[in-house]
Amino acid sequence: MMWETTRANSSAVIELSGAIKDYGSNKKIGPADLTINKGEIVGFLGPNGSGKTTCIRLVLGLIKTSSGSVKVNGLDPIKHHVEALKKVAYSPELPNIQTFLNPKQFLNLVSHELSLPENINRSDQINQILELVGLQEYSETKIGKLSKGMVQRLSIAQALVGSPETLILDEPMIGLDPAGVAHFRQVFKDFAAQGKGTVLMSSHIMSEVESLCTSVAMIHRGKILFKGPVDEVEQKVLSYAIVQLETSPLTPQTIQQLRKIPEITQMNIVDNRQKENTTVIEITVGTNDIDIRPQISDIIVKSGAKLFTIKSGENMLERAYIEALKEKNGAKP
Amino acid sequence: MSRAEVIYTFASYEIKRAIARKKVLALIIFTILLNVLPYYALSAAGTTLIPTSVYPYIWVVGIFAVGPLFLNFTAILIAAGAMSEEYEQGTAELLLSKPVRRSDYFTGKFLGGYILFLSILGLTLFLSFASAFTFFGTQNSLYIIPGLFLAQAFSSLAFYSLAFMLGELIRRSSLAYIFSSAAFFSSYIISAFLGIVYEITGKEIYKTVEIYLPTSPASSLPIQYAFPKLPSRLSTVLRFINTSTAVPTINLSIEILLVYTIITGAIAIAYFLYADISRKLS
């Protein structure tokens, strides 16, 4: 099954059109078709080996396509590497950063590499970035002595040097502590909001993608299965909806009444909290076009039971992701 | 301004990177030992072996005894890892994901490593002079030092370029060291062997092949430059060193070295510009 991807337009920052990378030995990625427009925060999802990093490396001009085309800001990132990537920055997964340098020296190297204009005070910008990523205390510590999380912070820091307009982040939250994850989530949101920046973020943490991204692109065996807003993904991929409720224990009659709602296909008690005298029920609704929460709450309230919470099911993106992969040749997520 | 700055950035980065690897420290220690100990040994052996008239020129001994082998090998050690170590450590990927021209990165790395080599060459010349001065007094004909520096620098450039190319093509530092060293030593051995065969058979083909092997012009050029400017009585102290030149003229030496340097350099940059940037090699 293939869902329509977002159509290309003039504000496209990244465009892959039928991009294929053939590594030989039967390892071929693509054809990938993907368009990312200015201002989008796109979560790039796919199982291990699905081609996320290959697509990113194609976009960065690190590798060439075997066929098809890649455009960054309308230019070929191989032929016009400097112009295409002028305002694009990349933070790799598990970055390999020169261990003999300290964070300040490394960011200085990057700022010189970028030839930042004379009117930009490099030292000030580096200090600001180090402060932003929480590394100022370690600015003089050799990178080889930093923890994994700190190296990840530095990887993000180097991507912020030179005020980029597009960030390409490969698993940016790996190795970060919960406070770090929350902090960088806000950093990326601010980046997108203030500068109308664009973010392409590959991640396996669905909750992260759900909370940060405006849209997602799902990739499998190098092919983009879907690209669109998060809720649209859930709606298009999932043929069902989940409603979760926490109530006081329900009588068999109430449960029977609920079962009579034609859209409900399944009801499961997922948690019996005897201490609080509550029950958590997950209801599967056979369609995602109708919101049946009012009907459910009506029945429960009329039965005299207490309804503490009623909400749409959690981890819907994760469910959609798994569902999409299952549909695609019965692939395992 | 910006391209020059980027090249300068990569050149200085390469110097720092190479220094951070302990091998440069080892090379400096060897340079010091190889340029101090021979003078100490000559001095301690007693002055009867060496005519006093040669004392003012004895600074060349260190250069011609050490130069052909140690300096060319040093060039190989520095160059072979310049590109390959970055692939092995996965550090090339991040640097090249930035909006920089690959050619600037290549040029910066090439120049950075070569400047480091020139520093070791400079140290060699300085230590030879300083040791000769310390053990044998005032030294003469020092005006040839800049020319000798350039001759040796140019001789080693061919091997530097060869090792740089192999580092880029193979992208494994250990294999690049092995292949570059093998090419270097094979050239030496084959050259010596061909010289002997030529002496025995008198067939020109052996001599011609010997001339065009890279070690022949690399060994010949510094000698061809320096010896006409030094007094003939120096042959007494240099009799232990092979000062015969396989290549008949200085121009031919320069031409052969130039061809090797250009070909290997061109292959390296063509491959680097064309090939994908590898991820970390394990």
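Mentor: Let us start with A:Arg221, which is partly exposed, with 17 other C-beta atoms within 10 Å. Please keep in mind throughout that this is a predicted model.

Trainee: What makes A:Arg221 partly exposed?

Mentor: A residue is buried if 20 or more other C-beta atoms lie within 10 Å of its own, and exposed if 12 or fewer do. A:Arg221 has 17 such atoms, and is therefore partly exposed. Its place is in the loop between β8 and β9 (223–229) of chain A, and its phi is near 50 degrees, a positive value in a residue other than glycine.

Trainee: Is A:Glu171 buried or exposed, and how do you know?

Mentor: The cut-off for a buried residue is 20 or more other C-beta atoms within 10 Å, and A:Glu171, with 21 C-beta neighbours inside 10 Å, therefore counts as buried. A:Glu171 also has a positive phi of about 50 degrees although it is not a glycine, and it sits in the loop between β6 (166–170) and α6 (178–194) of chain A.

Trainee: What makes β10 and β13 of chain A a pair of strands?

Mentor: Two strands pair if DSSP finds at least two bridges between them. Strand β10 (residues 241–247) of chain A is joined to β13(A) by 5 bridges, and the two run antiparallel; A:Gln244 stands opposite A:Lys311 in β13(A).

Trainee: In what sense do β1 and β2 of chain A pair, and how many residues lie between them in the hairpin?

Mentor: Strand β1 (residues 12–24) and strand β2 (residues 27–37) of chain A pair in the antiparallel sense over 8 bridges, with A:Ile14 opposite A:Ile36 in β2(A). They form a hairpin with 2 residues between them, and A:Ser25 in the turn has a positive phi of about 50 degrees. A:Pro31 lies in strand β2 of chain A, and the peptide bond that joins A:Gly30 and A:Pro31 is cis, with omega about 5 degrees.

Trainee: Turning to chain B, why are α6(B) and α9(B) called roughly antiparallel?

Mentor: The axes of helix α6 (residues 145–170) and helix α9 (residues 215–226) of chain B come within 8 Å and cross at roughly 170 degrees. Angles over 145 degrees count as roughly antiparallel, and therefore α6(B) and α9(B) are described in that way. The residues of their contact divide into 10 nonpolar, 4 polar and no charged; among them are B:Leu148 and B:Phe159 in α6(B), and B:Leu221 and B:Tyr225 in α9(B).

Trainee: How many residues of chain A are in contact with chain B, and which element gives the most?

Mentor: The contact brings 21 residues of chain A together with 22 residues of chain B. On the side of chain A, α3(A) gives the most, with 4 residues, and the residues of that side divide into 13 nonpolar, 5 polar and 3 charged.

Trainee: Finally, how is chain A divided into domains?

Mentor: Chain A comprises domain 1 (12–236) and domain 2 (239–321), whose C-alpha centres lie 40 Å apart. Their contact takes 10 residues from domain 1 and 7 residues from domain 2 of chain A.

Definitions and conventions:
Residues are numbered from 1 along each chain as its sequence is written. Chains are lettered from A and ligands numbered from 1 in the order in which they are written. This is a predicted model: local features need pLDDT of at least 70, side-chain atom pairs count only at pLDDT 80 or more; totals for chains, interfaces and linings use all residues. Axes are lines fitted to C-alpha atoms, for helices over the stretch in contact, and angles run from 0 to 180 degrees between N-to-C directions. Angles under 35 degrees count as roughly parallel, over 145 as roughly antiparallel, 65 to 115 as roughly perpendicular and the rest as oblique. Two residues are in contact if their C-beta atoms, placed from the backbone, lie within 7 Å. Ala, Val, Leu, Ile, Met, Phe, Trp, Tyr, Cys and Pro count as nonpolar, Asp, Glu, Lys and Arg as charged, and the others, Gly among them, as polar. Domain bounds come from an automatic or database domain assignment.
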